[in-house]
Amino acid sequence: MISKDEAQPILRKPSLRPDPQPKRIKLHKSSGSQWMINSVFISLILITIYTLTHLNTENVKLSDAFHGLGMTLNQIFFQPNAGSDGIVVLLQALGSSVLLAIVTTIIGAVVGFVLAVLASRNLTNAYLGAGIRSAMAIIRAIPTILWALIFSIAVGLGPAAAIMGLSFHSIAYLTKAYSESIEEIDQSTIEALKVTGCKFWVIVFQAVWPTIIPSLVSWTFIRLEINFANAIAVGAAAGAGGIGYQLFVASGMSFDFHEVGMIVYMVIIVAMLLEFVAVKIRQHYLTTK
Amino acid sequence: MKQPKVNAAKFLGKKRMMQTAAIAIIGGIYFISCLVLQFNTVEGIMSVPKAFTWLAVNFQPTPESMSYLPQIGIKLLETILMAIASVVVAAVIAIVFAILGSKVTGISKSMQIFVRGLASFFRNIPLVAWAMILLFSFKQSNFTGFLALLFMTIGFLIRAFMEIIEDEAGESMLALEATGASYFQVIFQGVISQIIPSLISWILYMIENNVRDATLVGILTGTGIGFVFDLYYKSFRFDAAGMTVLAIIIVVIVLELLSNQIRKVIL
């Protein structure tokens, strides 16, 4: 069909006003978005003011508390030592936390990728996708620590509970991240392969997989960072071992803040290393794309 | 430049080899880690149905557990308010540092390095450490939870805001500078108004995230919804613990939907 819209002459009625004034140029858009921004800001600020003025401080004298905090921070950051556990035990614990993060990220990535493929709107039918997406939303809504606590009763305290608890949240998080990247793929690529009669998993591994590798890798490394932080939290609050447990014992039971300082420094070094690797890998994929 | 000849068989063979190697390496890391951690994958998978049956049996709300609702509701509201307040205060502090330290609006090279270091430092100290350190000085109060979340959020938001400024505000800043506007005019008329939608998007995300993190902080410091859950869980009142989890799920999902709607309007 050839339409001839552009061939129509542009008709304009002559203005009756003697001196057509140009419309005033507005400096600020008064649109729905501006209204929304203002109302979000105002309500957030009001809530904050209310919360801060009604905050329960249990009659702790703030000046004394800040003074105490200063002394504790001084012990932590300027006089760290390995404490009663010794550096070997702490390094072992740190190692097991790192391994915990790696294992749960691998589980999350593998299972998450399969679920993401099944959940993406452009690959599968709508009902299956919607089902998986809402199940994942519910799993994501439950904090990691609660998953770890739930599994610690079901399978007993120990690394298995921690791994399963951390994996659950990783799977849900990565499913969402991966399926969003899959949905950004050009539909024509998938259709071209469908036309040739390719099977579903052939399409996934020949078209989808190579296209999303950069975003896949960068999301996975972001999750590795998060999982390391979560591994520490799970160790502390669910007693699942690792450097988190040592941190909890040192700061909550033996009150050895010199040791806390050592642990904090060790954790910071590993976390910064992970962040550095993640940034480098993202740069590598962005430049070679 | 002369391109080396590549035929299809060679290319595909190399690709296949690379993929096999990558899978082997990842698999190897996985199995060694499992060995070290004494984790049995099969046992782990078997534990999933066990955990869910256990959940279904024990976490089922009973008529009595309705009586826990008011207590859960109050603590949950407290937690949400705390999460919002910590994010807003952190955002105010973070935007100042982000403007001082970003590559486009930064005032000096040394300031940039300082702000980046500060952000990385605050972000990477584990939340557990913040909670425990603050608990020692500030005792078991909501203020402890608020401060722990605040310090963590500052680190995250400084980095996020700096990236936003560098991505979005560079051009409008150049344009305003060309008109001869002063530094503060550029910041307040150009940069901030340009980045506000992304700013709000991040603030909303952090609120959602902090409600979840507040559970962890609560378990450690004995405040808010985390304390309630821990209390019910450790005294074996699993029906009440189930109600708490359900309440958290509802709140987080409602927050997520709400912030998605807000994002749709403003972005």
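Author: Start with a single residue. This is a predicted model. In it, Ala116(A) counts as buried, because 28 C-beta neighbours lie inside 10 Å and the cut-off for buried is 20 or more.

Where does Ala116(A) lie? It lies in helix H3 of chain A, which runs over residues 86-119. Now look at its partners. Set aside the neighbours within four places in sequence. Ala116(A) is then in contact with Thr175(A), Tyr178(A), Ser179(A) and Ile182(A). Compare that with Asp85(A). Ala116(A) and Asp85(A) are 31 residues apart in sequence, and their C-alpha atoms are 43 Å apart in space.

Next, a residue with another setting. Leu55(A) sits in the loop between H1 and helix H2 (62-78) of chain A. Is Leu55(A) buried or partly exposed? It is partly exposed, because 16 other C-beta atoms lie within 10 Å, and that count falls between the cut-offs of 12 or fewer for exposed and 20 or more for buried. Leu55(A) reaches across to the other chain. Not counting residues up to four places away in sequence, it touches Asn142(B), Phe143(B) and Phe146(B). Val155(A) is another matter. It is 100 residues from Leu55(A) along the chain, and the two C-alpha atoms are separated by 39 Å.

Those contacts lead to the interface.

Step back to chain A as a whole. Its secondary structure comes to 10 helices and zero strands. Read along the sequence, the pattern is α-α-α-α-α-α-α-α-α-α. Of its 289 residues, 40% count as buried. Take the contacts in chain A between residues at least 6 apart in sequence. Of these, 74% join residues at least 24 apart.

An unreviewed entry annotates residues 94-278 of chain A as "domain: ABC transmembrane type-1". In the model, that stretch is 85% helix and 0% strand, and its end C-alpha atoms are 19 Å apart. The unreviewed entry also carries the annotation "transmembrane region" for residues 35-53, 98-120, 141-166, 200-221, 228-248 and 260-279 of chain A. Two of these spans deserve a look. Residues 200-221 of chain A are 100% helix and 0% strand, with end C-alpha atoms 27 Å apart. Residues 228-248 of chain A are 76% helix and 0% strand, and the end C-alpha atoms there lie 16 Å apart.

Chain B is divided into domain 1 (8-58) and domain 2 (65-266). The C-alpha centres of these two domains lie 34 Å apart. Of the 267 residues of chain B, 46% count as buried. Among its contacts between residues at least 6 apart in sequence, 74% join residues at least 24 apart.

Finish with one helix of chain B. Helix H5 covers residues 127-138, which makes 12 residues. From its first C-alpha to its last, H5(B) reaches 16 Å, close to the 16 Å expected at 1.5 Å a residue. How many residues of H5(B) are buried? The count is 11 of 12, so by the cut-off of 20 or more C-beta atoms within 10 Å, H5(B) is mostly covered. Among the buried residues are Leu127(B), Trp130(B), Met132(B), Ser137(B) and Phe138(B). After H5(B) comes Lys139(B), whose phi is positive, near 60°.

How values were computed: Residues are numbered from 1 along each chain as its sequence is written. Chains are lettered from A and ligands numbered from 1 in the order in which they are written. This is a predicted model: local features need pLDDT of at least 70, side-chain atom pairs count only at pLDDT 80 or more; totals for chains, interfaces and linings use all residues. Helices (H or I, at least four residues) and strands (E, at least two) are DSSP runs, numbered from the N terminus. The expected span of a helix is 1.5 Å times one less than its number of residues. Two residues are in contact if their C-beta atoms, placed from the backbone, lie within 7 Å. UniProt positions are given in the numbering used here, feature names are shortened, and annotations may be inferred rather than shown by experiment. Domain bounds come from an automatic or database domain assignment.
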